[in-house]
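Please go through the sequence and the structure shown here. A short briefing follows, grouped by topic.

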Amino acid sequence: MKNITMFPAGKASGDRCTETEIRLPSGCRVAVLVRCEGERVRIRTPSGGGMEVYFDRDGRPVVKMDGADLVVEEVDLFAVKCRRMDLEARESVRVQSGGGMEIGARDEAAIRSDKDLRCHGERILLNCEEM
């Protein structure tokens, strides 16, 4: 495999923007984009789905995926630590545990439903200190 150096240390030649693309035997395309605002690596499937990796203005890595499933299997721990988290599904959300489950908040917590809210358990304990 060859190393290709297009521009020194992530700089475009002058203000020129370039894109180098490699087509793989599978039909996938891998592109390296060098823009004035930064570099990006883009991977696309023949159907158009794929992912893009780049650094934002503060230097933090960003990974964007579209048209793809994200499956993580056989890991001991899957942890997400962030300042804010939004989880939105167009159809449904399912959370299941083979063991216990705990949901906590240091501030107000709310559950809202436009329809019935069902809670099923051997006992439903409200305002209990034990967790």
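**Briefing on the chain**

Arg35 counts as partly exposed, at 27% relative accessibility; the class runs between buried, under 20% relative accessible area, and exposed, over 50%, with a 1.4 Å probe and protein chains only. This is a predicted model, in which local features need pLDDT of at least 70 and side-chain atom pairs count only at pLDDT 80 or more, while totals for chains, interfaces and linings use all residues. Residues are numbered from 1 along each chain as its sequence is written, and side-chain values use heavy atoms, with hydrogens and water left out.

**Fold and surface**

- The protein chain has 5 strands and 0 helices, in the order β-β-β-β-β along the sequence.
- Both element types are DSSP runs numbered from the N terminus: helices are H or I with at least four residues, and strands are E with at least two.
- Buried residues make up 9% of the 131 residues of the protein chain.
- Of the contacts between residues at least 6 apart in sequence, 6% join residues at least 24 apart, where a contact means heavy atoms within 4.5 Å.
- The protein chain exposes about 13500 Å², and carbon and sulfur atoms supply 49% of that area; accessible areas come from the Shrake-Rupley method with a 1.4 Å probe, and for residues only the protein chains shown count as cover.

**Salt bridges**

- The count of salt bridges is 9, each being a side-chain nitrogen of Lys or Arg within 4 Å of a carboxyl oxygen of Asp or Glu.
- One of them pairs Arg35 with Glu19, with the closest N and O atoms 3.8 Å apart.
- Arg35 belongs to strand S2 and Glu19 to strand S1 (residues 18-23), so this pair ties together parts that are 16 residues apart in sequence.
- Glu19 is partly exposed at 44% relative accessibility.
- Asp66 forms a salt bridge with Arg44, and their closest N and O atoms are 3.1 Å apart.
- Asp66 is in strand S5 and Arg44 in strand S3, so the pair ties together parts that are 22 residues apart in sequence.
- Arg44 is buried, with a relative accessible area of 17%, whereas Asp66 counts as partly exposed at 35%.
- Glu21 is partly exposed, with a relative accessible area of 36%, and Arg29 is partly exposed at 24%.

**Nonpolar surface patch**

- A nonpolar patch of about 1100 Å² is made by residues including Val32, Val41, Ile43, Val63, Met65 and Phe78.
- Patches are made of residues with over 30% relative accessible area and no salt bridge; like charges are joined within 9 Å, and nonpolar side chains (Val, Leu, Ile, Met, Phe, Trp, Tyr) within 5 Å.
- Strand S3 (38-44) and strand S5 each supply at least two residues of the nonpolar patch.
- Val32, in strand S2 (residues 29-35), is partly exposed with a relative accessible area of 35%.

**Cysteines and Asn127**

- The count of disulfides is 0, a disulfide being a pair of cysteine sulfur atoms within 2.5 Å.
- Cys28 is buried, with a relative accessible area of 18%, whereas Cys128 is partly exposed at 43%.
- Asn127 has a phi near 55°, a positive value in a residue other than glycine.
- Asn127 lies in the segment after strand S5 (61-66) and is exposed, with a relative accessible area of 80%.
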